[in-house]
Amino acid sequence: MVAAATQSYLSLLALEPPGWGGVMLVGFIQSLKLAFGGYGLGLLIGIGGACGKLYGGPVLRDLMEVYTTLIRAIPELVLMLLLYYAGTDALSQLLALAGYGSVDINALTAGIFVIGVVQGAYATEVFRGAIKAVPIGQIEAARAYGMSSFQVLRRVTLPAMLPHALPGLANLWMVATKDTALLAVIGFSELTLVTRQAAGSTKAYMLFFLAAGAIYLAWTLVSSLVIRLIEKRARRGLTRTA
Amino acid sequence: MSEPTTLPAYTAPRPRSLFEPHRIVLMAIFAVLVFCVVWFMRWDWLPNYGTRLAYGVGETLIMLFSTAIVGFMLAVPIGLVQVTGPRPLSWLALTFCTIIRGTPLLLQLWMLYYGLGSLFAQYPEIRQSFLWPYLRQAWPYGFTALMISFAAYEGEVMRGAFAGVPRGELEAAEAFGMSRFKLFWRIWLPRAIHRALPTLNGETVLQLKATPLIATITVVDVYGVISRVRQDTFLTYEPLLLLALIYLCLTGLLIWGFRLLENRIPTRGA
């Protein structure tokens, strides 16, 4: 009797339509896409921002400072709402001006943009600290070889700063995975929102929230394993400190 | 005899002034932007919501400080047992930290509010208890979620801080004949808090930025008030810009306050 009840309770998680497992899986994949896309965009912005802060002219430096300060001082949720509306508005008006008419902006693209801009500010700070930790002599040696400044960046600065940046970047990845959940408030169907919908329509709240929690936890645990491997590889050939 | 050559005295680079030419231009552009925002956008709703906004800010601050203080009191034992505690306890604390830090706060919040809330409602014992009037409201769930999250993140910080207190200081305290409790209270805890203070400031700012999440379970903080304004007036940007400004000020005040606090604590120069 109890076994049958448990059976039917757990069958809510089944992958086929009467169960909500499939829907949650789709939500999880959306979350993964958001995290990877936003994190990647954030890394690109971060490298650009760090170079701007370190090597740019006075105006660029000050603008970068304003960007990182603003993003880090305002709650992610508020930023996401602002960027989501402002970003989609600006882009659709731009496209309308270019003569494409009204275009619906893909929610996934907008979400990736939002997470990327937020992550970019933090990544800028991580990269800036890491680049400053590269011994100046290595960069001077590269210049003495006659490399252009872009070659110096690609061949020396970026690879040499990687071990210094990795702990910060790993932390950022964890933040990015957790930030994807905030898009649920905007109405993007990622794992957290889908979970709430499933829970609401079946009234099995605890079951679905615990399942989603387990998925997130597995995700972060696997991530930390992979990060440890990457760190080990990036630190090869460095003398061990402490 | 030649004069001994002396190196030219070191001159510190000129500190960057706020009034360099390019900064004046940037500030002018910024001022024009602010003027445009004030002049061309609709702000006529602002007087109607003034008191509610003030209450919202108050609610946000109450939530921030109450959860931070209670969370910190939980974080101290969590950090301590991971450094000295018996195996099962330290394992338990580590599991707690891993689970809370590994899942999004929004999910925890919704699990407590929707999940636990609906579970409580099924038991008549709970429904008839004196706690029920409180458990029917949203804020206990918001408070619990924020507090637990702060405790987990801060517990990790305190673990590092407790482990980082130099052994010599603890041994000196033992040599003075302090009991274990006195040693903890007089030496270990103050030194650990001192070490953790800069991180603690950062965590408190992060906690401030996490508080708007409780508006999703109908606690009316400043974010909740602004959401209400957006529903009433159908404005997209104006309320959100004001909200960003409010949080900017709160963050600035928080950082400033912590800097005052840090400066009051004497630190031996490195």
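Mentor: A salt bridge is counted when a side-chain nitrogen of Lys or Arg lies within 4 Å of a carboxyl oxygen of Asp or Glu. Please keep in mind that this is a predicted model.

Trainee: Where do B:R159 and B:E156 lie in chain B?

Mentor: Both belong to helix α7 of chain B, residues 139–164, and they are 3 residues apart, about one turn of the helix. B:R159 is partly exposed at a relative accessible area of 31%, and B:E156 is also classed as partly exposed, at 21%.

Trainee: Which residue forms a salt bridge with B:D232?

Mentor: The partner of B:D232 is B:R228, and the closest N and O atoms are 3.5 Å apart. The two residues sit in helix α10 of chain B, residues 222–233, with a spacing of 4 residues, about one turn of the helix. Relative accessibility is 34% for B:D232, which counts as partly exposed, and 42% for B:R228, likewise partly exposed.

Trainee: How many salt bridges does the rule give over all chains?

Mentor: The count over all chains is 10. One of them joins the side chains of A:E65 and A:K53, at 3.4 Å from N to O. A:E65 lies in helix α3 of chain A (residues 58–73) and A:K53 in helix α2 of chain A (residues 21–55), so this pair ties together parts that are 12 residues apart in sequence.

Trainee: Is A:K53 buried or exposed?

Mentor: The cut-off for buried is a relative accessible area under 20%. A:K53, at 8%, counts as buried, whereas A:E65 is partly exposed at 40%. Salt bridges with shared partners also join A:K53, A:E65, A:E125 and A:R128 into one network.

Trainee: How should I read the packing of one helix against another?

Mentor: One considers the distance between the axes, the crossing angle, the handedness and the residues in contact. In chain A, the axes of α2(A) and helix α10 (residues 205–234) come within 12 Å and cross at roughly 35°. The crossing of α2(A) with α10(A) is right-handed.

Trainee: Which residues of α2(A) meet α10(A)?

Mentor: On the α2(A) side they are A:M24, A:F28, A:S31, A:L32 and A:A35; their counterparts in α10(A) are A:F208, A:A211, A:A212, A:I215, A:Y216 and A:W219. By residue class, this contact has 10 nonpolar members, 1 polar and no charged.

Trainee: What is the make-up of chain A in helices and strands?

Mentor: Chain A has 10 helices and 0 strands. Its C-alpha atoms fill a box of roughly 80 × 55 × 30 Å along the principal axes. Of the 242 residues in chain A, 43% are buried. Among contacts in chain A with a separation of 6 or more, 76% involve residues 24 or more positions apart.

Trainee: Where is A:A98 found?

Mentor: A:A98 is in the loop between α4 (76–97) and α5 (107–132) of chain A. With a relative accessibility of 55%, A:A98 counts as exposed. Sequence separation and spatial distance can be stated together here: A:A98 and A:M64 are 34 residues apart in sequence and 29 Å apart from C-alpha to C-alpha.

Trainee: How may a database annotation be set beside the coordinates?

Mentor: One takes the annotated span from the record and then examines the model over those residues. For chain A, an unreviewed UniProt entry places "transmembrane region" at residues 20–45, 66–85, 105–123, 181–199 and 205–230. Residues 66–85 of chain A are 90% helix and 0% strand, with the end C-alpha atoms 21 Å apart. Residues 181–199 of chain A are 68% helix and 0% strand, and the end C-alpha atoms lie 16 Å apart.

Trainee: Which residues of chain B does the UniProt annotation "transmembrane region" cover?

Mentor: In the unreviewed entry, the annotation covers residues 24–41, 61–80, 92–114 and 240–258 of chain B. The model is 94% helix and 0% strand over residues 24–41 of chain B, where the end C-alpha atoms are 25 Å apart. Over residues 61–80 of chain B, the figures are 100% helix and 0% strand, with 28 Å between the end C-alpha atoms.

Notes
Residues numbered from 1 in each chain as written. Chains lettered and ligands numbered in written order. Predicted model: local features only at pLDDT ≥ 70, side-chain atom pairs only at ≥ 80, totals over all residues. Heavy atoms only, no water. Buried < 20%, exposed > 50% of the residue type's maximum accessible area, 1.4 Å probe, protein only. Axes fitted to C-alpha atoms, helices over the stretch in contact; angles between N-to-C directions. Left-handed = near helix turned anticlockwise from the far one by under 90°. Contact = heavy atoms within 4.5 Å. Nonpolar A, V, L, I, M, F, W, Y, C, P; charged D, E, K, R; others polar. UniProt positions renumbered as here; feature names shortened; annotations may be inferred.
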